[in-house]
Amino acid sequence: MDIKIDDLTGSEVIELVSEHLHSMTLHSPPESIHALNVEALRKPEITFWSVWEKDELVGCGALKELDGQHGEIKSMRTSSSHLRKGVAKELIQFLLEEAKRRGYRRLSLETGSMDAFEPAKRLYASVGFQYCKPFADYIEDPNSVFMTKEL
């Protein structure tokens, strides 16, 4: 797999981000959706990566810098045709290494509390993320769970 910084201009990447946003609407009420659209992912505090297997897009993910020591995982998504092939596991390891390289002391994330998000929560827990209180600008929400990992 090839993980590379992406400028979010390619049609495949835009389609995968759109698929990610659409799937959030299927499982979460609008006020509980914290996924970012393409424009929001282009903000300077966010670095976005696409994951490729040869010339096929298989996933994506981003890091948002909250401050010099704390980052947030955003927009982690595996293409629906590549689920359960290790894409997310490889990407999360990459993001953890990148966060350490940047000097972050902590990496956090928000995901849904519903059953559809169980695979994601299991993945995050498998690499050491623990449940925590809301961070940054998040507030308590029964449709969200928050996880963090000290680096």
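Predicted model: local features only at pLDDT ≥ 70, side-chain atom pairs only at ≥ 80, totals over all residues.
Visitor: Are K74 and E72 buried or exposed?

Guide: Buried means under 20% relative accessible area, exposed means over 50%, and partly exposed is in between (1.4 Å probe, protein chains only). K74 is buried at 8%, and E72 is buried too, at 2%.

Visitor: How many salt bridges does the structure hold?

Guide: Seven. One of them joins E19 and R77, with the closest N and O atoms 3.1 Å apart. Helices (H or I, at least four residues) and strands (E, at least two) are DSSP runs, numbered from the N terminus. E19 sits in helix α1 (residues 11-27) and R77 in strand β4, so this pair ties together parts that are 58 residues apart in sequence. E19 counts as partly exposed at 26%, whereas R77, at 18%, counts as buried.

Visitor: What separates E97 and K100 in helix α3?

Guide: About one helical turn, because they are three residues apart. Their side chains meet in a salt bridge at 3.7 Å, N to O. E97 is partly exposed at 47%, and so is K100 at 43%. Salt bridges with shared partners also link E98, R101 and R102 into one network.

Visitor: Now the nonpolar core: which residues touch the most other members of the largest one?

Guide: A nonpolar core is a set of buried Ala, Val, Leu, Ile, Met, Phe, Trp, Tyr and Cys residues joined through side-chain atoms within 4.5 Å. The largest has 21 residues, and I73, M76, I92 and F129 touch the most other members. Elements giving two or more residues include β3 (56-67), β4 (70-78) and α3 (87-101). The most come from α3, which gives six. Apart from this core lies another, of 14 residues, including V17 and L36.

Visitor: What is F129 in contact with?

Guide: Contact means heavy atoms within 4.5 Å. Leaving aside neighbours within four places in sequence, the partners of F129 include I73, I92, L96, Y124 and M147.

Notes: Residues numbered from 1 in each chain as written. Heavy atoms only, no water. Salt bridge = Lys/Arg side-chain N within 4 Å of Asp/Glu carboxyl O.
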